[in-house]
Amino acid sequence: MSIEKNRFAILLFLLVLILINLVVYAKLSDLTGSVKELDDLKSEISELKSKLNEITNKLNESSKPPVIIIRIDDVRDYEAAEATRILIQFNRVNHVKMDLAIIPAQFGRDNATLGSIRAAIIDGSEIIVHGYDHENLKMLSIKLQAETLRAARDQLSTLNLTSTIFAPPFFTYDEGVFDAMRASGFDTVSGYIDAGGPTLEEGGVYRFPATVTMADYVNGTWMRIDLNQLVGKVNLSVGRYGYAMILVHPQEFMVDGRLDADRFKVYSDLIREIQGLYSFNTISGYRSWSSGE
Ligand SMILES: [Zn+2]
């Protein structure tokens, strides 16, 4: 009898143990379930937050007309390439799109610079063609001009880069360049405003010049223009032409072979100053925006 009793007690004990375990297990799984739910909720909230941020940014951006174009000329390997890369890096961080005017004969072997150009393109910037080897096209026959432009395009296409925009070196070109451009597949010429405002030339080439320079090249040195003057020029250009294309040369940020912090500060201050009123665009982007495409 006592053995039976013991057996019963042990069975009862085991049963209670199992019950306790079940309850603990149920509670635990409940708890882990709610932790998981909490995690899901958290990630949903952060997703919503980033979506809200995105929408706010877009709203802010859309209220600012995308009429500022930054054109960086003389993009090439090694020569002032450190300044080129720092400009690109700064612009990318600040959501500034750019037009990068490449000298194809002097470009493509410096991986750091090439990588930086590719990253900028992914972010919405574009490249443009700055001669083949920085030639003065005015000195060449129309046939040679066309050959030069074709060589430039071919060289860039070996790097999977392409553009139909031509920025003539020294800002110089004559009427002949339009024939040369058409013959080699270019549709836009971007010189400097001195040669006349934006217009569609006969034969369909679009002339779209830079309107503001960051510095003036006088007797072999880059003369700085102060911030207030630059902001004034940008506003004047937007008022007069509907856009401002700011021309930047990486060389102007180099003093004695080193990057000059003071000069770079003028650039970063300018960007911050105009960022309050306008947003940035590329030549192609501006063209479709202004024609309502
Ligand atoms: Zn140049």
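**Two helix pairs, up close**

Hi everyone! Let's start with a contact: Leu227, Leu230, Val231 and Val234 in helix H6 meet Val266, Asp269, Leu270, Glu273 and Ile274 in helix H7. Sorted by class, that contact holds 7 nonpolar residues, no polar ones and 2 charged ones. Keep in mind that this is a predicted model.

How do we describe such a pair? Two packed helices are described by the angle between their axes and the distance between the axes. Here, H6 covers residues 227-241 and H7 covers residues 261-275; they pack at about 45 degrees, and their axes are 10 Å apart. That angle makes H6 oblique to H7. The crossing of this pair is right-handed.

Now for the second pair, H2 and H3. Their axes come within 10 Å and cross at roughly 25 degrees. Angles under 35 degrees count as roughly parallel, so H2 is roughly parallel to H3. H2 passes H3 in a left-handed crossing. On the H2 side we find Ala81, Thr84, Arg85, Ile88 and Arg92, and they meet Ala112, Thr113, Ser116, Ala119 and Ala120 in H3. This contact divides into 5 nonpolar, 3 polar and 2 charged residues.

Let's stay with H2 for a moment. What span should its 13 residues have? At 1.5 Å a residue, residues 81-93 should span 18 Å, and the end C-alpha atoms are 18 Å apart, so the two agree. Which residues of H2 are buried? They are Ala83, Thr84, Arg85, Leu87, Ile88 and Asn91. Their packing partners include strand E1 (68-75), strand E2 (98-102) and helix H3 (111-122). After H2 comes His95, with a positive phi near 55 degrees.

Note on methods:
Residues are numbered from 1 along each chain as its sequence is written. This is a predicted model: local features need pLDDT of at least 70, side-chain atom pairs count only at pLDDT 80 or more; totals for chains, interfaces and linings use all residues. Helices (H or I, at least four residues) and strands (E, at least two) are DSSP runs, numbered from the N terminus. The expected span of a helix is 1.5 Å times one less than its number of residues. A residue is buried if 20 or more other C-beta atoms lie within 10 Å of its own, exposed if 12 or fewer, and partly exposed in between; C-beta atoms are placed from the backbone. Two residues are in contact if their C-beta atoms, placed from the backbone, lie within 7 Å. Axes are lines fitted to C-alpha atoms, for helices over the stretch in contact, and angles run from 0 to 180 degrees between N-to-C directions. Angles under 35 degrees count as roughly parallel, over 145 as roughly antiparallel, 65 to 115 as roughly perpendicular and the rest as oblique. A crossing is left-handed if the near helix is turned anticlockwise from the far one by less than a right angle, and right-handed if clockwise. Ala, Val, Leu, Ile, Met, Phe, Trp, Tyr, Cys and Pro count as nonpolar, Asp, Glu, Lys and Arg as charged, and the others, Gly among them, as polar.
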